[in-house]
Amino acid sequence: MTPYLSYDEPLFRPPSEAYSLIFQVTLGCSWNQCAFCEMYTSKKFKVKKEADIFKEIEAFSNFSSDIKKVFLADGNAFVLSFERLSRILDKLNESFPKLTRISAYALPKDILSKTEEELQILVKKGLKLLYVGIESGDNELLERINKGETFESTSEALIKARKAGLKLSVMILNGLGGKKYTEQHAINSAKVVNAIQPEYLSTLVLSFPYGVDHFKDRFDGDFEELSKVELILEMGNFISQLQLENTIFRSDHASNYLILKGILNRDKEELLGRISQVLQDPVHANLRPEWMRGL
Ligand code: SF4
């Protein structure tokens, strides 16, 4: 019988971790203050007891050779100390000898709290990929959404992680600054991504699970939602300023009306061409049906 893991809901994982075994090593997000994010507002942040995590890992011992990928949850599992993460990685390697990848969500501050040598040791122990929600490279906007990070902290941390051998998957939030901040959001988000040169880049569209007024109450500034056309224009502005060597780009999350995929900068002109085609003739542009409503 397959062991049963009793998750503390809600549980989130990146789409690319669909086939990974997920262990919750922390509960919630240690920051939990971003104006747009409701993922963990129902949870108080907690570090899970090591003995409980080890018991859950041991429960899968009969499947040891089937387990190739493990994702450490919740929100920013990488907040754990180097020592604790090391022990968890040792336990995973000992229990699952065929493991090829361990990954986790991280905040830039979680990376900066570890030395480069510590990061290298974690990589040697199988931690291969970190997912980081950068959201924006614009310092004013980062402050208005209370991200607790800056262009500088983000670029410093992520460059340090890459140097240590970690792969990075970063996210930018399309529409995050509304009409007033769209230009600076696009320009500075491209700048921060260019500085980092991540392996993977994706964009999601800002959404309002509790309504736009709830977001406006938490946003420290004037916020006026972008129209669908303006969201696409912002994407075009952002992509046009990217200078990437070899980054896999995806804009195919459920929140994206316009699906874009490619390798940047190789496919940059093609992606920009698609955006301009959509802007010129949205009705015949073969978009997701939701995009067509309310155009
Ligand atoms: S750091 Fe991430 S998970 Fe935590 S509140 Fe911000 S967006 Fe949400």
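Mentor: Take helix α10, residues 268-280. Its 13 residues, at 1.5 Å a residue, should span 18 Å, and its end C-alpha atoms are 18 Å apart, which agrees. The expected span is 1.5 Å times one less than the number of residues. Helices here are DSSP runs of H or I with at least four residues, strands are runs of E with at least two, and both are numbered from the N terminus.

This is a predicted model, in which local features need pLDDT of at least 70 and side-chain atom pairs count only at pLDDT 80 or more, while totals for chains, interfaces and linings use all residues. Residues are numbered from 1 along each chain as its sequence is written.

In α10, the buried residues are L271, I275 and V278. Seen down the axis of α10, they fall within an arc of 60°, so they line one face of the helix. That arc is taken over the directions from the helix axis to the C-beta atoms. Buried means that 20 or more other C-beta atoms lie within 10 Å of the residue's own, exposed means 12 or fewer, and partly exposed is in between, with C-beta atoms placed from the backbone. An α-helix has 3.6 residues a turn, so residues three or four places apart point the same way. On the other side of α10, E269, E270, G273, S276 and Q280 are exposed.

The cover over the buried residues of α10 includes α9 (228-240) and β10 (260-264). Contact here means C-beta atoms, placed from the backbone, within 7 Å. For α9, 13 residues at 1.5 Å each should span 18 Å, and the end C-alpha atoms are 18 Å apart, in agreement. Buried in α9 are K228, L231, I232, E234, M235, F238 and I239. Down the axis of α9 these lie within an arc of 155°, so they line one face of the helix.

The loop between β10 and α10 holds N265. The peptide bond from L264 to N265 is cis, with omega near 5°. Another cis bond runs from E9 to P10, with omega near 0°, and P10 lies in the segment before β1 (21-24).

N32 is not a glycine, yet its phi is positive at about 55°; N32 sits in the loop between β2 (26-27) and β3 (46-47). N32 is partly exposed, with 16 other C-beta atoms within 10 Å. Q197, also a residue other than glycine, has a positive phi near 55° and is found in the loop between α7 (178-196) and β8 (200-205).

N32 is also among the residues around the ligand, which include W31, Q33, Y40 and L107; a residue is near a molecule if its C-beta atom, placed from the backbone, lies within 6 Å of it. The shell has 7 nonpolar, 4 polar and no charged residues, where Ala, Val, Leu, Ile, Met, Phe, Trp, Tyr, Cys and Pro count as nonpolar, Asp, Glu, Lys and Arg as charged, and the others, Gly among them, as polar.

Last, the largest nonpolar core has 71 residues, and L72, A77, L130 and A161 have the most contacts inside it. Such a core is a set of buried Ala, Val, Leu, Ile, Met, Phe, Trp, Tyr and Cys residues joined through C-beta atoms within 7 Å.

How values were computed: Two residues are in contact if their C-beta atoms, placed from the backbone, lie within 7 Å.
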